[in-house]
Amino acid sequence: MATLAATGTAFAQSSVSITGTADIAYMNVGGGSSVVKNQTLNSSYNGSSTSAINFVSSEDLGGGLRATARVELDPRAILVDGGSIATHQTFVELSGGFGAVKLGRVNTPSLDAFGAASPLGTAVGGGYGLTNAGVGMATRHARSVRYDTKAMNGFTAAVQYAPGADNTTADSFAGIPNQRQVTEVGLRYAKGPLTVAFANISSDGTTNLVTATVVPVNTAKSSFQTIGVNYAIGSTTLFAGWNKGDTIGAAASAAGLFPLGAINANQATDGTRFGLRHVMGVITLNGSYAKQDIGAITRKVTGLRAEYALSKRSAVYAAYENFDTGRAASAATNALEGGKINTTAIGVRHTF
């Protein structure tokens, strides 16, 4: 981590820091369909963590008040030959005795709840983008405001609001897209060996087109609840999670290691997950299983990862994911998953 600091009598104390994670793996993908037989050197699918370069400027305003600006760049776009580097968090924050207020592109309370339930995080084997993100919740909301209370005896609460818009075209004036209005409320308890995190997401209905195929005109209001729990017993931590509600709608994607079909909004969905982490000195073993019903389809994800720490900031790892799509292999196309898809990753992670 690089840090610059300035102090003086004429201005408050301030600092600028640069931190980050670089995680790159060789990945091999295979399954019952020729559509998903690929191998690549990859960082975009999160071998063991999400690569990021974080710039943080912070100023002590006095009286317990602090102003912060955070910009997280996504270096994964460079490795995969293009794409945006502005896909992570970017926000300004004012914090003090009242808690903290963030404005910008901010991570969600539902992401906090997922993290409490997943020993593999959002990486290979965790099934994040297959069971949670794009199904009933989002990783972060652009153009949003989030408020977090200060911790009291291990308890914190959060509320996040994205005003959205409901206009007659997909793009409205002043660069405001026609997105759905979303409110998230989160509760968290973290003390001693126990962590519990809960989030409720409420997405308003729309009288106009948001996404042509999956969020059409007159899409109804929807909600989604998720909870994550983990408990440490010595060197072993047990994880569990549950979610239930309505799908938010997601377009078909071919941007990952394998295609994923569209998910229409306002379908019933519910899921459970279980996992564990065991630390043996420089070796960490992680495993999880997740099941998600989406309408008439049931997705199942089994994941394993072994890590070997080379130092406090560097590690090598091997990860495996089995994704049962809930569809026959013959159903697979360049825009739809099918069969059972297996992903193996061997990579290196370095933090700074």
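Let me start with a cut-off: buried means under 20% relative accessible area, exposed means over 50%, and partly exposed is in between, with a 1.4 Å probe and protein chains only. This is a predicted model, in which local features need pLDDT of at least 70 and side-chain atom pairs count only at pLDDT 80 or more, while totals for chains, interfaces and linings use all residues. Residues are numbered from 1 along each chain as its sequence is written, and side-chain values use heavy atoms, with hydrogens and water left out.

Aromatic pairs come to 3 in the structure. Rings of Phe, Tyr and Trp (its six-membered ring) pair if their centres lie within 6.5 Å; planes under 30 degrees apart are stacked, over 60 edge-to-face, and the rest tilted. One of the pairs is Phe114 with Tyr128, tilted, at 4.7 Å centre to centre and 55° between the planes. Phe114 sits in helix H2 (residues 109–117) and Tyr128 in helix H3 (residues 128–131), 14 residues apart. Helices (H or I, at least four residues) and strands (E, at least two) are DSSP runs, numbered from the N terminus. Phe114 and Tyr128 are buried.

Another tilted pair is Phe258 with Phe323, with 5.8 Å between centres and 35° between planes. Phe258 is in the loop between strand S13 (236–246) and strand S14 (268–280), and Phe323 is in strand S17 (residues 314–324), so the pair ties together parts 65 residues apart in sequence. Both Phe258 and Phe323 are buried.

Next, salt bridges, where a side-chain nitrogen of Lys or Arg lies within 4 Å of a carboxyl oxygen of Asp or Glu. The structure has 8. Arg299 and Glu337 form one of them, with the closest N and O atoms 2.9 Å apart. Arg299 is in strand S16, Glu337 in the loop between S17 and S18, 38 residues apart. Both residues, Arg299 and Glu337, are buried.

Arg349 and Glu307 meet in a salt bridge at 3.1 Å, N to O. Arg349 belongs to strand S18 and Glu307 to strand S16, so this bridge ties together parts 42 residues apart in sequence. Arg349 is buried at 17% relative accessible area, and Glu307 is buried at 13%.

Which residues line the second largest pocket? Among them are Glu307, Arg349, Lys312, Arg313 and Thr351. A pocket here is an open set of points on a 1 Å grid over the protein atoms alone, where a 1.4 Å probe fits, with protein on both sides within 12 Å along at least five of seven lines; lining residues have an atom within 4 Å of a point.
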